[in-house]
Amino acid sequence: MPGKLEGKVALITGGARGQGRSHAVRLAQEGADIITVDLCGQVDTIEYPMSTPQDLKETVRLVEELDRRIIATQADVRDWTALSQAVDTGVSELGRLDIVCGNAGIVSLGMLHELSLDQWNDMIGVNLTGVFHTCKAAIPHIIAGGRGGSITLTSTAVALRPVQGAGHYIAAKHGVVGLMQTLALELAPHFIRVNAVHPTNCDTDMIQNPALRKAFVPDSENPTREESVPAYTALNALPIPWIEPQDISNAIAFLASDEGRYITGISLPVDAGFQRI
């Protein structure tokens with residue numbers, strides 16, 4: 001049987017690994033062809049190793065294994081020229097654009113008044129300006145198709161229930177909600193729906209690294225995954241430490257399908273009841 005997204009094309013930023021790779025595979029399972037971009041390199045103010053060209057090649061392999069087409073490009077979402085060219089090329093090769101996942105993101109920690117200017121600028125550049133660039137590059141193609149479409153932007157549970165020590169991250173993700181709400185109004189006449197997803201901690205390299213674990217287990221010199229489980233679990237109402245990337249991908253696939261055809265302008269928590277205990 002055809003998938004829920006058969007014949008459609010989806011743009012996913014940050015598709016080399018983690019949630020982005022999961023979104024690419026999940027939407028491909030539902031029949032979509034994929035355009036994806038990823039920096040595949042390091043941002044100087046980020047303490048954990050970021051994605052590599054080999055990671056992006058693995059995403060390509062996984063999508064092609066599902067007999068779907070994929071156009072994958074190394075590009076920085078902060079670089080308008082590179083990003084817009086990647087989107088234009090992907091649409092030219094695949095023929096249309098219907099779905100957008102503004103997923104590319106980074107995280108770092110620090111009290112707001114102690115952050116360096118580079119930490120602030122990198123965070124806002126990737127997590128907010130990069131999302132704006134993604135939407136700006138994609139929207140004209142969706143409008144030109146005349147078939148409507150779905151845009152889902154990745155925010156975070158802490159944009160709804162803030163914590164200390166991540167103010168620049170939270171500010172950027174609050175901005176993403178503002179983009180979503182405004183675009184939902186502006187694009188409604190074109191039947192383009194715009195929503196945001198708000199994950200709790202998700203089991204990807206973004207949290208599974210010493211820098212992030214140390215914030216949750218400060219008394220351990222080099223906290224392990226197992227040591228961090230109680231601290232992460234304490235944040236959620238459901239007794240789990242983190243969700244899986246596929247949990248977010250399933251929500252995005254629903255929002256992008258006809259099953260979500262009248263859902264727009266919402267913030268959808270996929271958060272295991274984050275900080276609601």
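Tutor: Helices (H or I, at least four residues) and strands (E, at least two) are DSSP runs, numbered from the N terminus. Axes are lines fitted to C-alpha atoms, for helices over the stretch in contact, and angles run from 0 to 180 degrees between N-to-C directions. This is a predicted model, in which local features need pLDDT of at least 70 and side-chain atom pairs 80 or more, while totals for chains, interfaces and linings use all residues. Residues are numbered from 1 along each chain as its sequence is written, and side-chain values use heavy atoms, without hydrogens and water.

Student: Why are H1 and H2 called roughly parallel to each other?

Tutor: The axes of H1 (residues 18–29) and H2 (residues 53–65) cross at roughly 15 degrees and come within 9 Å. Angles under 35 degrees count as roughly parallel, over 145 as roughly antiparallel, 65 to 115 as roughly perpendicular and the rest as oblique. H1 and H2 are therefore roughly parallel.

Student: What makes the pair Arg 78 and Asp 122 a salt bridge?

Tutor: A salt bridge needs a side-chain nitrogen of Lys or Arg within 4 Å of a carboxyl oxygen of Asp or Glu. For Arg 78 and Asp 122 the N to O distance is 3.3 Å. Arg 78 lies in the loop between strand E3 and helix H3 and Asp 122 in helix H4, so the pair ties together parts 44 residues apart in sequence.

Student: Why is Asp 122 called buried, and Arg 78 partly exposed?

Tutor: Buried means under 20% relative accessible area, exposed over 50%, and partly exposed in between (1.4 Å probe, protein chains only). Asp 122 has 14% and is therefore buried, whereas Arg 78 has 30% and is therefore partly exposed.
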